Amino acid sequence: MIKNQKHTNFPFSAIVGQDNFKLALILNLVDPLIGGVLAIGDKGTGKTTLIRSLTNLMGEQQNYPFINLPIGVSEDRLIGNIDLEQLINAKKEIINPGLMAKAHQGILYVDEVNLLQDYLTDILLDAAASGNYYLEREGVSHYFKSRFCLVGSMNPEEGNLRPQLKDRFGLSVLIKTPTDSKIRQQIIKQRFQFDDNPSQFINSYKEQNEKIATRISNAKIKLKSIKIEDAIIEYCSELAIKHQVEGLRADILLVKTARAFAAYQNISEITKEAVDTIADFVLNHRKSQTPPNQQNDSQKQENKSQEQSSENNPSKEENIHIRIPKNTFQKQKETTSNTIEQGVKARLNKEGTILESDTKKTVSQYLATDKFELKTKRKNNLLKQHHIFLIDSSGSMLKEQIIAYAKGAVNKIAENSKTQNTQFSIVSLFNGGAQLILSHTSILQELENTLTTLKTGGKTSLKAGFKQVKSICTDIDYNHNLHIITDGKLNTGDDLEATVLAFQTFCKGIKNTQVIDAEKGFVKIGEALEFSNRINANYEILITETL
């Protein structure tokens, strides 16, 4: 069965546009101890096709399985179980191996791994890292080998992996839809050729596949003989420190992956070029900072502003708690006030970076100079901001050109909130529905252009808008801030209670909410104000007078 499966898989060497993913998979075949690959990105880009094609690289081996792990798998199905009927009636220990055992010496593929239950993911990653596991059931203990290449894929729109679990994957790659027209055309042609005559298409790439398979086999033999200089280990550690990764897993994997790459390239020692080639695979899903060249510039500006602020306020030494200011049109001023952060004195700046005391540097400086001066170190807190504008563009907002003032308010908030790590999205409410018209842009000109094409008219449904908001609040690396601009005239049949319930249901990922009341006239119903109070949002009135 496995043999037939190999002959019907798309040839590995025929796949184009996924060179990084292909290299990451090959390196895991050379050294399974790397710990697998996590593919993050767009759906419909051929991830599963590429992963299945790996079995073709193993030549005539019959025991190289491809196991597809379903999302709804049970623990017994994953690790195996004991046949209780045989154990009780026949006194025989009949052990049914789980999917991890069946994947030994092969590939275990988990599509949408971010939707797999966390405790199952823990079991899976532990087995992949150690190459074995024990089945403990009904007083029976059985040892299974499980040396497999673990491959997971996920679409961030459907939720992220916990950072702890993401870190357990050895490598990661970002999968993007090809934007080169020639590559897309080539993919289409190859797909039709394979579907119309699979045997002929596979044979045309047989020689290329065999060359890759031979390189992998030779690399496995050569792997442990690759020379690792101390300078390379030092270089890998410096890379990990610059990207501020937690723990030492990244350091080890940089060396281990570079060694596999060197073996695959048939060179005798690891070079810095080899490390640079594979560095993104190891660091992409672990680094907590922007790349070092961008990081240094931002730190210099940050330190300069902190020095200026400390000169202006030399006597401010008391410890106070920072209160989050109201989310108004005014850009929040940078502050270097002290705050209590888990019992440690710290300073918070506008980028959300906490400067906490560095005990080691402080003591070293004191011993060297006999002068006590508190040294600080940076700790990431809230590096990225995502501002979502939920704009009521229904018919009632067209009166007295209120919608024009609403657009102006959006522009002003965006300009005052813009930093290097800020993104903007717009959801429009009209004709009783909601439409996401701009998603995760950092370019203000795109935001302005989108506002000029805003559709208007019809009724208002905040409930429909909140559903759209949920779809763009899945990235846990961002603080999501929601700005609701409405006159509060909920005229789609949804009452206030239903609207509040919809917000509480769909907007759990929102950190800060602002309601901007656009209602005008001598007699006001005050629905926007009431809604704001019910959801504990910051309330503002839309300014429509020119000052």
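Me: Are Phe194 and Phe201 buried or exposed?
Reply: This is a predicted model, where local features need pLDDT of at least 70 and side-chain atom pairs count only at pLDDT 80 or more, while totals for chains, interfaces and linings use all residues. Residues are numbered from 1 along each chain as its sequence is written, and side-chain values use heavy atoms, without hydrogens and water. Buried means under 20% relative accessible area, exposed over 50%, and partly exposed in between (1.4 Å probe, protein chains only). Phe194 and Phe201 are both buried.

Me: Which cluster do ring pairs build with Phe194 and Phe201?
Reply: Rings of Phe, Tyr and Trp (its six-membered ring) pair if their centres lie within 6.5 Å; planes under 30 degrees apart count as stacked, over 60 as edge-to-face and the rest as tilted. Ring pairs link these two into a cluster of Phe10, Phe194, Phe201 and Tyr205.

Me: How many aromatic pairs does a search of the whole structure find, and what is the geometry of Phe66 with Tyr109?
Reply: The search finds eleven aromatic pairs. Phe66 and Tyr109 have their planes at 45 degrees and their centres 6.2 Å apart, a tilted pair.

Me: Where in the chain do Phe66 and Tyr109 lie?
Reply: Strands (E, at least two residues) and helices (H or I, at least four) are DSSP runs, numbered from the N terminus. The pair links distant parts of the chain, 43 residues apart. Phe66 is in strand E2 (residues 66-69) and Tyr109 in strand E5 (residues 107-111).

Me: How many disulfides are found, and which cysteine sulfur is nearest to Cys507?
Reply: A disulfide is a pair of cysteine sulfur atoms within 2.5 Å. The search of the whole structure finds zero disulfides. For Cys507, the nearest cysteine sulfur is 6.9 Å away and belongs to Cys473.

Me: Which residues of H12 are buried?
Reply: Helix H12 covers residues 230-242. Its buried residues are Ile232, Tyr235, Cys236, Leu239 and Ala240.

Me: Why do the buried residues of H12 line one face, and what is their arc?
Reply: The arc is that of the directions from the helix axis to the C-beta atoms. An α-helix has 3.6 residues a turn, so residues three or four places apart point the same way. The buried residues of H12 line one face because they fall within an arc of 135 degrees.

Me: Which helices do the buried residues of H12 pack against?
Reply: Contact means heavy atoms within 4.5 Å. The partners are helix H13 (249-264) and helix H14 (272-283).

Note on methods:
Expected span 1.5 Å × (residues − 1).
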